[in-house]
Amino acid sequence: MKNFFYDIGTKIYFGEGSIENLGPAIKPYSDKVLLCYGGGSVKKTGVYDDVVNSLKASGIEWVELSGIEPNPRVTSVNEGVRLCREHNITAVLAVGGGSTIDCSKVIAAGVAYEGDAWDLVIGKASITKVLPVFSVLTLSATGSEMDPTAVISNMDTNDKLGVKHPDMRPVASILDPKYTYTVSKYQTAAGTADIMSHIFEIYFSTVKSAYIADRMAEAMLKTCINYGVVAVNDPENYEARANLMWCSSLAINNLLSYGKGTAWSVHSMEHQLSAYYDITHGVGLAILTPHWMRYVLNEETVDKFVEYAKNVWDIDCDGDKFAAANKAIDKTAEYFKAMGIPMTLTEVGIDETHFDIMAEKAAAKYANIFVPLTKEDVKNIYRMSL
Ligand code: NZQ
Ligand code: ZN
């Protein structure tokens, strides 16, 4: 196990009715927040009303930024920064999924920086000061509600990049599983695939001695497998939504990666798909993952896949190791399909046009990954996924 420093600072208020904690959680930090949300689902579902009622009850004023896009754009970040300055905002409140939370984090970081917020994303400028961030989660997927990362897109340059700062981790997040009842089947499936991918990115690692992290990872993968299909078919199943929601946070809040690190093998490939084709993140991951698994399965990695087969899918692994490993990969693909995810790039409108540049950008990001991948390897995986 590698050395680590444990620091997961986000307060989580979990469960039905936990919105009543929102105002009291913000009040010590701010009397005036930027209330950020996406394309309007929060108004249709009633979450918006619950949020403003909680703010009012605590005497907190707000200014709104709406219309934050899935795969949030840097233009929205800059608009949020402008509003914060104009209205002397002292905290940022995200109400929505990962896109809204990510956008809010970089707004919070951008207020203290005079230039274009894109400079902070590409590392041209450093993040120095971040307004306190709060979130009310409405979609179980990215874990942004409890992690220090934001992923921002710039469609002018076809770049989608992650930026990280410890102070961007939300101070507090409200996790009410009922707020996810209205998430579509498609987004529920994509979100579950995203959670699973975050776990895979840590589980399949060059570090072989982190027993506790691997057993926790297997428990979380089983949770996703147990409840993903249930939530797709029975959207108001509280247990399913609750388990997925908590799993979303735990998968990527560093708990699993302490002692191991995270590889981001498939995420780097997927972010290029979203950057060029604006597809749903979890769908891209589900399409690529089984092909990536098949590509990196070899004499050196087979034992890890056997562990996965045995402990996650309960596959009998007494015979040929490669047969068991391949069966586990088949099961993974079948599960994504059973949730209704399209399983080829062709189905989501992607062809070979940009493979070269996408593969180059993805490969440039790799460091310490499970199995090293070159640009040609990434292109091969893209081709296998067509
Ligand atoms: O915009 P609205 O109207 O709110 O609708 C959203 C959006 O269309 C809808 N939705 C959300 N909650 C809903 C709902 N519809 C009905 N009822 C609800 N309760 O769902 C759609 C997708 O929302 P979005 O926020 O884009 O989804 P997700 O949470 O999957 O976030 C995806 C973004 O997060 C990034 C992804 O790359 C992508 O840009 N990621 C962020 C990470 C992080 N911060 O650590 C890590 C991830 O790996 C990922 O890269
Ligand atoms: Zn992800």
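Helix α15 spans residues 375-384 and includes K375; helices here are DSSP runs of H or I with at least four residues, and strands are runs of E with at least two, both numbered from the N terminus. The model is predicted, so local features need pLDDT of at least 70 and side-chain atom pairs count only at pLDDT 80 or more, while totals for chains, interfaces and linings use all residues. Residues are numbered from 1 along each chain as its sequence is written, and side-chain values use heavy atoms, without hydrogens and water.

K375 has a relative accessible area of 26%, so this residue counts as partly exposed, a class that lies between buried (under 20%) and exposed (over 50%), with a 1.4 Å probe and protein chains only. Apart from neighbours within four places in sequence, K375 contacts D356, A359, E360 and A363, where contact means heavy atoms within 4.5 Å. Y335 lies 40 residues from K375 in sequence, and their C-alpha atoms are 29 Å apart.

The zinc ion (ligand 2) is coordinated by D194 (OD), H198 (NE2), H267 (NE2) and H281 (NE2), at 2.0 to 2.2 Å. Donors are N, O and S atoms within 2.8 Å of the metal (3.2 Å for Na, K and Ca); water is not among the atoms, so sites may look incomplete. Along the chain, the donors follow the spacing D-x3-H-x68-H-x13-H.

Two of these residues, D194 and H198, belong to helix α7 (residues 185-203); because they are four residues apart there, about one helical turn separates them. D194 is buried because its relative accessibility is 2%, and H198 is buried at 3%.

Methods. Chains lettered and ligands numbered in written order.
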